[in-house]
Amino acid sequence: MSPELPFYGAYFPSWLISATLGILGSVLVRSLLIRLGVDQGMPLRTLVYIALACSIALAISAKVFGR
């Protein structure tokens, strides 16, 4: 059974909220790094942004949902 939370009367998986916020956070960081010019010189950009999204999602899950 996955962790769930009530959302407008229906139970919504908390991991899905965390994952969505992690992806959005990674997109925001990427846009900032592009404006600063750091993105072009970064090796393995795809892996860096995937790891960043996972890190943000795990941090949100631990802080907000206590898991």
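**A conversation about a predicted model**

Reader: How much accessible surface does the protein chain have?
Author: The accessible surface of the protein chain comes to about 5,100 Å², by the Shrake-Rupley method with a 1.4 Å probe, where for residues only the protein chains shown count as cover. Carbon and sulfur atoms account for 71% of that surface. The model is predicted: local features need pLDDT of at least 70, side-chain atom pairs count only at pLDDT 80 or more, and totals for chains, interfaces and linings use all residues. Residues are numbered from 1 along each chain as its sequence is written, and side-chain values use heavy atoms, without hydrogens and water.

Reader: And what share of the residues counts as buried?
Author: The protein chain has 67 residues, and 21% of them count as buried. Buried means under 20% relative accessible area, exposed means over 50%, and partly exposed lies in between (1.4 Å probe, protein chains only).

Reader: What helices and strands are there, and in which order?
Author: The protein chain has 2 helices and 2 strands, and along the sequence they follow the pattern β-β-α-α. Helices (H or I, at least four residues) and strands (E, at least two) are DSSP runs, numbered from the N terminus.

Reader: How far does α1 reach?
Author: Helix α1 has 23 residues and spans 33 Å from its first C-alpha to its last, which is close to the 33 Å expected at 1.5 Å a residue. The expected span is 1.5 Å times one less than the number of residues.

Reader: Which residues of α1 are buried?
Author: The buried residues in α1 are Ser14, Ser18, Gly22, Gly25, Ser26 and Leu33. After this helix comes Gly37, which has a positive phi near 85°.

Reader: Let us take Ser18. Why does Ser18 count as buried?
Author: Ser18, in helix α1, counts as buried because its relative accessibility is 2%.

Reader: What does Ser18 touch, then?
Author: Not counting residues up to four places away in sequence, Ser18 touches Ala57, Ile60, Ser61 and Phe65. Contact means heavy atoms within 4.5 Å.

Reader: And for the protein chain, how many of its contacts join residues at least 24 apart?
Author: Among contacts between residues at least 6 apart in sequence, 46% join residues at least 24 apart.

Reader: A new topic. Where is Tyr49, and is Tyr49 buried or exposed?
Author: Tyr49 is in helix α2. Tyr49 is buried, because its relative accessible area is 10%.

Reader: Which residues is Tyr49 in contact with?
Author: Leaving aside neighbours within four places in sequence, Tyr49 is in contact with Ser26, Arg30, Leu33, Asp39 and Met42. Of these, Ser26 and Leu33 are buried residues of α1.

Reader: What about Val48?
Author: Val48 is also found in helix α2. Val48 counts as partly exposed, since its relative accessibility is 33%. Val48 touches Met42 and Pro43 when residues up to four places away in sequence are not counted. Val48 and Arg30 are 18 residues apart in sequence, with 9.9 Å between their C-alpha atoms.

Reader: How many salt bridges does the structure hold?
Author: The structure holds 1 salt bridge, that is, a side-chain nitrogen of Lys or Arg within 4 Å of a carboxyl oxygen of Asp or Glu.

Reader: Which residues form that salt bridge?
Author: Arg45 forms the salt bridge with Asp39, and their closest N and O atoms are 3.2 Å apart. Asp39 is also one of the residues in contact with Tyr49.

Reader: Are these two buried or exposed?
Author: Asp39 is buried, because its relative accessible area is 4%. Arg45 counts as partly exposed, because its relative accessibility is 36%.

Reader: What is the phi of Leu44?
Author: Leu44 has a positive phi of about 55°, although Leu44 is not a glycine. Gly37, the residue after α1, has a positive phi as well.
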